[in-house]
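Colleague: I would like to learn how to read the features of a model like this one, with the cut-offs stated as we go. Could we begin with the core and then work outwards?

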Amino acid sequence: MKTTHTDLFPETLIVSLVDGHPVTNSLLIADHFGKKHKNVLKATKALIERTTDAGRRLNFEPSSYLNEQNKRQPMYLLTKDGFTFLAMGFTGPDADEWKWKFIDAFNAMESELHARTQRFA
């Protein structure tokens with residue numbers, strides 16, 4: 001049974017803190033969006049190859065995990081920015097829903113900033 005996620009950045013996507021910043025991994029992203037992990041790896045690799053700014057590439061850190069057969073398998077650790085950039089390229093109903101929620105949250109933040117500006121003007 002597929003889990004429906006309603007949060008933009010649910011706790012289930014945060015795997016650890018690295019240098020005080022939350023990161024997720026490609027396995028959790030695949031599960032969250034109902035995608036095959038090999039396809040998330042492929043999309044992440046392609047995104048890294050297209051990213052010419054070395055600083056931005058730091059949002060994607062190669063890593064690995066042990067599978068059920070105790071074999072080391074590749075995965076990526078992603079920062080919030082890396083996750084967001086990757087997720088914006090996903091397609092399908094789950095990805096579309098996440099993108100609309102992201103836009104709604106951004107618009108709400110923008111409205112709040114405008115309201116604060118008006119109160120202190």
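Modeller: Let us start with a definition: a nonpolar core is a set of buried Ala, Val, Leu, Ile, Met, Phe, Trp, Tyr and Cys residues joined through side-chain atoms within 4.5 Å, where buried means under 20% relative accessible area, exposed means over 50%, and partly exposed lies in between, with a 1.4 Å probe and protein chains only. This is a predicted model, in which local features need pLDDT of at least 70 and side-chain atom pairs count only at pLDDT 80 or more, while totals for chains, interfaces and linings use all residues. Residues are numbered from 1 along each chain as its sequence is written, and side-chain values use heavy atoms, with hydrogens and water left out.

Colleague: Which residues of the largest nonpolar core touch the most other members?

Modeller: In soluble globular proteins, nonpolar side chains tend to be buried together. Here the largest nonpolar core has 16 residues, and Ile29, Phe33, Leu86 and Phe90 are the ones that touch the most other members. At least two core residues come from each of helix 1 (26-33), helix 2 (37-50), strand 4 (72-79), helix 4 (80-87) and helix 5, and helix 2 gives the most, with four residues.

Colleague: How should I read contacts, and with which residues is leucine 27 in contact, leaving aside its neighbours within four places in sequence?

Modeller: Contact means heavy atoms within 4.5 Å. Among contacts in the protein with a separation of 6 or more, 46% are between residues 24 or more positions apart. Leucine 27 is found in helix 1 and, leaving aside its neighbours within four places in sequence, is in contact with His37, Tyr65 and Met75. Leucine 27 is partly exposed because its relative accessible area is 28%. Another case is glutamate 61 in strand 3 (residues 60-66), which, with neighbours within four places again left aside, is in contact with Met75, Tyr76 and Leu77; glutamate 61 and leucine 78 are 17 residues apart in sequence and 6.4 Å apart in space, C-alpha to C-alpha.

Colleague: What counts as a salt bridge, and how many does a search of the whole structure find?

Modeller: A salt bridge is a side-chain nitrogen of Lys or Arg within 4 Å of a carboxyl oxygen of Asp or Glu. The search finds two: lysine 80 with aspartate 81 at 3.2 Å, N to O, and arginine 116 with glutamate 112 at 3.0 Å, N to O. Because arginine 116 and glutamate 112 are four residues apart in helix 5, they are separated by about one helical turn.

Colleague: Finally, which residues form a nonpolar patch on the surface?

Modeller: Patches are made of residues with over 30% relative accessible area and no salt bridge, with like charges joined within 9 Å and nonpolar side chains (Val, Leu, Ile, Met, Phe, Trp, Tyr) within 5 Å; accessible areas come from the Shrake-Rupley method with a 1.4 Å probe, and for residues only the protein chains shown count as cover. Phe106, Met109 and Leu113 form such a nonpolar patch, with about 300 Å² of accessible area together. Phenylalanine 106 lies in helix 5 (residues 93-119) and counts as partly exposed, at 47% relative accessibility.
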